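Thanks for coming. Please put the structure up on the screen, and we will go through it piece by piece.

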Amino acid sequence: MSFQGTQTYIATQDLQVAVNAAITLQRPLLIKGEPGTGKTVLAFELAKALDKQLIQWHVKSTTKAQQGLYEYDAVSRLRDSQLGDQRVHDISNYIIRGKLWEAFVAEPAPILLIDEIDKADIEFPNDLLLELDRMEFFVYETREVIKAAVRPLVIITSNNEKDLPDAFLRRCFFHYIRFPDPDTMARIVDAHFPNLQKDLLHEALTVFYNVRDVPGLKKKPSTSELLDWLKLLVAQDLSPETLRSKDNRSVIPPLAGALLKNEQDMHLFERLAFMSRRGA
Amino acid sequence: MLSRFFFNLREAHVPVSLKEYLTLMEALKAGLAQFSVDEFYYLSRATLVKDERNLDKFDQVFGQSFQGLESALDADGEIKAEIPEEWLRLLGERLLTEEEKAAVQALGGWDKLMETLKQRLEEQKGRHQGGSKWIGTEGTSPFGANGYNPEGIRIGQDRSRHRRAVKVWDKREFRNFDDSLSLGTRNIQVALRRLRRWIRQGAATQLDLPDTIRSTARNGGALDLRLVPERHNSVKVLLLLDVGGSMDDHIRTCEELFSAARGEFKHLEQYYFHNCPYEGLWKDNNRRDQRIDTWHVLHTFGSDYKLIFVGDASMSPYELVEQGGSVEHNNPEPGQVWLNRLTTTFPQAVWLNPLDEAYWKYTHSVGMVKQMMNDRMYPLTLAGLDGAMRELSR
């Protein structure tokens, strides 16, 4: 069982090594990288490539580690007790399984995606140390131990908003997805738009990397933005010449809204356009 | 061999532990990297490095441990001869074709080149342009950028990378993540979050489920709702910013810190001073207008405020020790008296200095201020901020 990327996901060699190490040694894999470089998509593609079920746990600022294990719905039980429902005598009726529990008991072992772990409270990773290490936990209410028969592959993504604790990191493999170089990028685009004209692709990539090189951008466009933009270009049937034209209005690339998501960045571009027009 | 690599990593301050080393062993035993050095590099990187800030250090150590390069580590394991960033950005990239190689005299092999590079680096002190020996740009020396010696080592040239010729770890592409350098708004915010301490204060608005259950049970089953206050960010900060004079260079960094800080705290008070706080501070950057008595500040805010100075602490020593030493007015009391008053009123205080830490020792007053702050002076880098925040949240 090894991962070489898929038809729609180009994995660089270092990523493949990291993923395969995580699969072989059954340790969690922590993925970091610029937004839009395909951290979350990796889990989806991995599930597709290995033909496994994907269980997603999207972490928010309010997410607690306990919610991933199970929750005890005390309020329902309270209500049932006051209504005299017979279910109330079995506490297991009120235990709601979390994503981790699902992943531990699913057959065959699925892939568990813990998305954006850095969004949660600073103690969140610490609370999951033992659970991820031993892949088991204890349910106090019913006094049973939930243990994974086969360890699921755990993919964790982080956007680096918080530092993760050392003890947590020690248990993971780590991979930083770098922004792809133009060659890899061409392969990625090719995987998504196999019928794109060669010259249009070339011009589009040139424009794209030029935009990324503009100093002072708040949010540099990334792979996912490039793919969106190309989709628009194809839909609008723009010619490579439009992209290439060096007349003084073209400093702002066509359909720039797909690349620049920030009005300050747009403003910066308009200023550049204005300056080059004046220069001409 | 491997254990030496492991200890080299530790000496270079890459935080690796035994656990990771054993994981690497396990991975190697499982046959994950059998046929190529590249795979071994990727595998050991995924296993041993857990933070992109350390990737650059890892690359260096990997290069030294497995390349048989002349080691840049001295006896204590400190990396010496730090090569300036702009030179290094593309170090290790060779730009030769076979014909060119034959055509022009070359120095004789990669190892030799690296060795000579090390030597030159030690000989050379400043930036250099032209010429045929020193490292710099536009020369004919094998070292440097834009030159035409085919076996040259390119240093800090932006274009024309060849994909094949380079060892991956020698590209040092992760240099930007090294935390001793960059400080953008985003980074600052990350560091400042350390300051947040969640304390419950204010009105009770959230349902406290455990307490509700407990008191309902005590009530004999009749529902009894219990509420707790929502969590607030209760860190209080008093920010004193140095403006004007020698700080003009650093004003941008400071403004970033400042704008980041705005969103982070419930109570944030900021005042400006010039060089050293005296009997008056300003609320407005338009500084000579409304001067606020420092005594007033000292009496207004409680000692639970955390005091953060931002300033380069570069001034004439007289400003600190003599009355009337200030550059812009006649101060009845010297700066250090006021510094002392501020730090006694607000015991939790740090001084953030935008000057590069390496230059602190060249300015006398920096050392003096540092001493007055009981060594609580930190550089305005991510690592420095981390240290300062840890100090403040003690």
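Start at A:Trp57, whose bridge partner in strand 5 of chain A is A:Ile114. What you are looking at is a predicted model. The two strands here, strand 2 and strand 5 (residues 111-115) of chain A, pair in the parallel sense, and five bridges hold the pairing.

In chain A an open sheet is built from five strands in the order 2-5-8-1-9, with parallel pairing. Strand 2 (54-58) and strand 9 (173-177) of chain A are at the edges; each has a single partner strand, so one side of each has no neighbour in the sheet. On average, neighbouring strands of this sheet are turned by 20° against each other, direction ignored.

Strand 1 of chain A and strand 9 of chain A run parallel and are joined by five bridges. Within strand 9 of chain A, A:Phe174 is the residue that stands opposite A:Leu30.

Helix 1 of chain A lies across strand 1 (29-33), strand 8 (153-158) and strand 9 of chain A, and runs at about 155° to strand 9 of chain A. Helix 2 (residues 39-50) of chain A also packs on the sheet, where it touches strand 1, strand 2, strand 5, strand 8 and strand 9 of chain A. The direction of helix 2 of chain A makes about 170° with that of strand 5 of chain A.

That brings us to the other chain. How many residues does each chain put into the contact? Chain B gives 28 residues and chain A gives 25 residues. On the side of chain B that touches chain A, helix 2 (18-29), helix 3 (37-48) and helix 10 (209-218) of chain B each supply at least two residues. Helix 3 of chain B has the largest share of that side, with six residues. Sorted by class, the side of chain B that touches chain A has 13 nonpolar, five polar and ten charged residues.

Look at helix 3 of chain B against helix 1 (residues 13-25) of chain A. Their axes come within 9 Å and cross at roughly 60°. The two helices are therefore oblique to each other, and the crossing of helix 1 of chain A with helix 3 of chain B is right-handed. From helix 1 of chain A, the residues are A:Gln13, A:Asp14, A:Val17, A:Ala18 and A:Ala21; they meet B:Asp38, B:Glu39, B:Tyr42, B:Leu43, B:Ala46 and B:Thr47 in helix 3 of chain B. By class, that contact has six nonpolar, two polar and three charged residues.

Last, a pair within chain B. The axes of helix 2 and helix 3 of chain B come within 9 Å and cross at roughly 145°, and this crossing is right-handed. B:Glu20, B:Thr23, B:Leu24 and B:Ala27 of helix 2 of chain B make the contact with B:Leu43, B:Ser44, B:Thr47 and B:Leu48 of helix 3 of chain B. Those residues divide into four nonpolar, three polar and one charged.

Terms used: Residues numbered from 1 in each chain as written. Chains lettered and ligands numbered in written order. Predicted model: local features only at pLDDT ≥ 70, side-chain atom pairs only at ≥ 80, totals over all residues. Contact = placed C-beta atoms within 7 Å. Helix = DSSP H or I, 4+ residues; strand = E, 2+ residues; numbered from the N terminus. Nonpolar A, V, L, I, M, F, W, Y, C, P; charged D, E, K, R; others polar. Axes fitted to C-alpha atoms, helices over the stretch in contact; angles between N-to-C directions. Parallel < 35°, antiparallel > 145°, perpendicular 65-115°, else oblique. Left-handed = near helix turned anticlockwise from the far one by under 90°. Pairing = 2+ DSSP bridges.
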